[in-house]
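Hi there,

Here is the structure I promised to hand over, followed by some notes on what turned up in it. Have a look whenever you get a moment.

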Amino acid sequence: MPARAIRPLQLLYAAIGAAGLAAGAMLLADFPVARLPLALFFAAYAVAVWFKPALWLFAVPALLPSLDLAPWSGSLAIEEFDFLLLVTVCVGYARLAPRL
């Protein structure tokens with residue numbers, strides 16, 4: 001059975017998802033505290049959401065109260081929960097590419 005060809009629309013969805021993740025990585029690189037642990041956590045979360053998409057329905061509400069480092073980071077404009085939502089949306093968008 002021949003392998004399926006990747007369609008241009010699938011590449012577009014994947015590129016948009018990857019661009020969002022790259023923007024998140026650049027923002028995280030400038031984050032004041034716990035860059036490496038947060039980067040590892042969000043990378044593991046991205047892999048988990050890729051393989052088990054329904055996980056975000058549990059993870060987002062469960063992590064809302066625990067992902068708040070604002071008292072230590074002093075960052076009020078961009079918080080850790082923003083990164084969580086960005087990873088969730090970008091991985092979900094790349095995963096929902098049309099399967100034509």
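This is a predicted model: local features need pLDDT of at least 70, side-chain atom pairs count only at pLDDT 80 or more; totals for chains, interfaces and linings use all residues.

The buried residues of H3 (residues 55-63) include Ala59, Val60 and Leu63. These three sit on the same side of H3, because they cover an arc of only 95° around the axis. On the face turned away from that buried side, H3 carries the exposed residues Leu57, Phe58 and Pro61.

Next, a residue from one of the packing partners. Thr88 lies in helix H5 and touches Val60, as well as Tyr45 and Trp56, leaving aside residues up to four places away in sequence. Its relative accessibility is 10%, so Thr88 counts as buried, the limit for buried being under 20%. The side chain of Thr88 also reaches the backbone oxygen of Leu84, at 2.8 Å.

Now to the surface. Leu9, Leu12, Ile16 and Tyr93 form a nonpolar patch there, and together they have about 330 Å² of accessible area. Helix H1 (residues 8-29) supplies the largest share of this patch, with three residues.

Happy to talk through any of it.

Best wishes

Terms used
Residues are numbered from 1 along each chain as its sequence is written. Side-chain values use heavy atoms; hydrogens and water are left out. Patches are made of residues with over 30% relative accessible area and no salt bridge: like charges are joined within 9 Å, nonpolar side chains (Val, Leu, Ile, Met, Phe, Trp, Tyr) within 5 Å. Accessible areas come from the Shrake-Rupley method with a 1.4 Å probe; for residues, only the protein chains shown count as cover. A salt bridge is a side-chain nitrogen of Lys or Arg within 4 Å of a carboxyl oxygen of Asp or Glu. Helices (H or I, at least four residues) and strands (E, at least two) are DSSP runs, numbered from the N terminus. Buried means under 20% relative accessible area, exposed over 50%, partly exposed in between (1.4 Å probe, protein chains only). The arc is that of the directions from the helix axis to the C-beta atoms. A polar contact is a pair of N or O atoms within 3.5 Å; within protein, one must be able to donate a hydrogen and the other to accept it, and residues adjacent in sequence count only if both atoms are side-chain atoms. Contact means heavy atoms within 4.5 Å.
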